[in-house]
Amino acid sequence: MTRPVVAFTSRYGSTRRYATALGSRLGTPAVELADLATASDADPLIVLAPVYATRILGRRRIIRAIRSAPGRAALVVVALSPADDPGRGNLAARLINASGRAVTTFHLRGDFDPARLTRLDRTLMAALRRQLRRTPDTPAARMLLPGEPLHFVDETSLDPVVAWAHRDTMVEE
Ligand SMILES: Cc1cc2nc3c(=O)[nH]c(=O)nc-3n(C[C@H](O)[C@H](O)[C@H](O)COP(=O)(O)O)c2cc1C
């Protein structure tokens, strides 16, 4: 028997919040991808994961889960950049290509709190901010240079994911 499965990776909690909200809307608990033994009974499989410095967190595990899922699969990418940022599409496309499967992609925006970063992430952010100071008028610079917390989590942006999960026939998007 198959069932909807919601799995996620998250470092600071935005993606976890989306996954938990999605799970409760689909009537299934959201599970950490690291705790998902197999996705062989998942249909659909929905994996949510954030972007960290041009990588999707948990990329290898995500590919493994997608490959093992027997039915439809979706990847929900969470990041600070606007949902239509072309860089996001490229990252997701590369991961999906590597999985060798047809995967529907959704893009959501997460929160960012510079006061809560791990040491490593603070160092990465400091390097990124140094770069951004050279292009202060770009959207990324305007977002990150002030050093303020940013709040973009919006649970209503899950609506298209819920609609997709409820659809029981394959639709190319
Ligand atoms: C070190 C670091 C690197 C990041 N790199 C990117 C990035 O390249 N593009 C982007 O849009 N957001 C980037 N972000 C923002 C995260 O994707 C965003 O904060 C997201 O909500 C984190 O999800 P989580 O709370 O589930 O871990 C970065 C955040 C940190 C701390």
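The loop between S3 and strand S4 (55–56) holds Ala 53, with helices (H or I, at least four residues) and strands (E, at least two) taken as DSSP runs numbered from the N terminus. Residues are numbered from 1 along each chain as its sequence is written. The model is a predicted one, in which local features need pLDDT of at least 70 and side-chain atom pairs count only at pLDDT 80 or more, whereas totals for chains, interfaces and linings use all residues.

Ala 53 has a phi near 45 degrees, a positive value in a residue other than glycine. Thr 54 lies in the loop between S3 and S4, and its phi, near 65 degrees, is also positive. Most residues other than glycine have a negative phi, and most peptide bonds are trans. Thr 54 counts as exposed because it has 8 C-beta neighbours inside 10 Å. In strand S3 lies Pro 44, which is joined to Asp 43 by a cis peptide bond with omega about 0 degrees.

The protein is divided into domain 1 (3–111 + 151–166) and domain 2 (113–149), with bounds that come from an automatic or database domain assignment. A distance of 25 Å separates the C-alpha centres of domain 1 and domain 2. Six residues from domain 1 and six residues from domain 2 form the contact, two residues being in contact if their C-beta atoms, placed from the backbone, lie within 7 Å. The side of domain 1 that touches domain 2 has three nonpolar, two polar and one charged residues. In this classification Ala, Val, Leu, Ile, Met, Phe, Trp, Tyr, Cys and Pro count as nonpolar, Asp, Glu, Lys and Arg as charged, and the others, Gly among them, as polar.

The ligand is surrounded by 23 residues, the closest being Ser 10, Thr 15, Pro 50, Ala 79 and Gly 110; a residue is near a molecule or strand if its C-beta atom, placed from the backbone, lies within 6 Å of it. Helix H1 (14–26), strand S3 (42–52), strand S5 (73–79) and H4 each give two or more residues to this shell. The shell comprises twelve nonpolar, seven polar and four charged residues. Both domain 1 and domain 2 contribute residues to the shell, so the ligand lies between them.

Of the 14 residues of H4, zero are buried, so this helix lies largely in the open.

Key: Buried ≥ 20, exposed ≤ 12 C-beta atoms within 10 Å, placed from the backbone.
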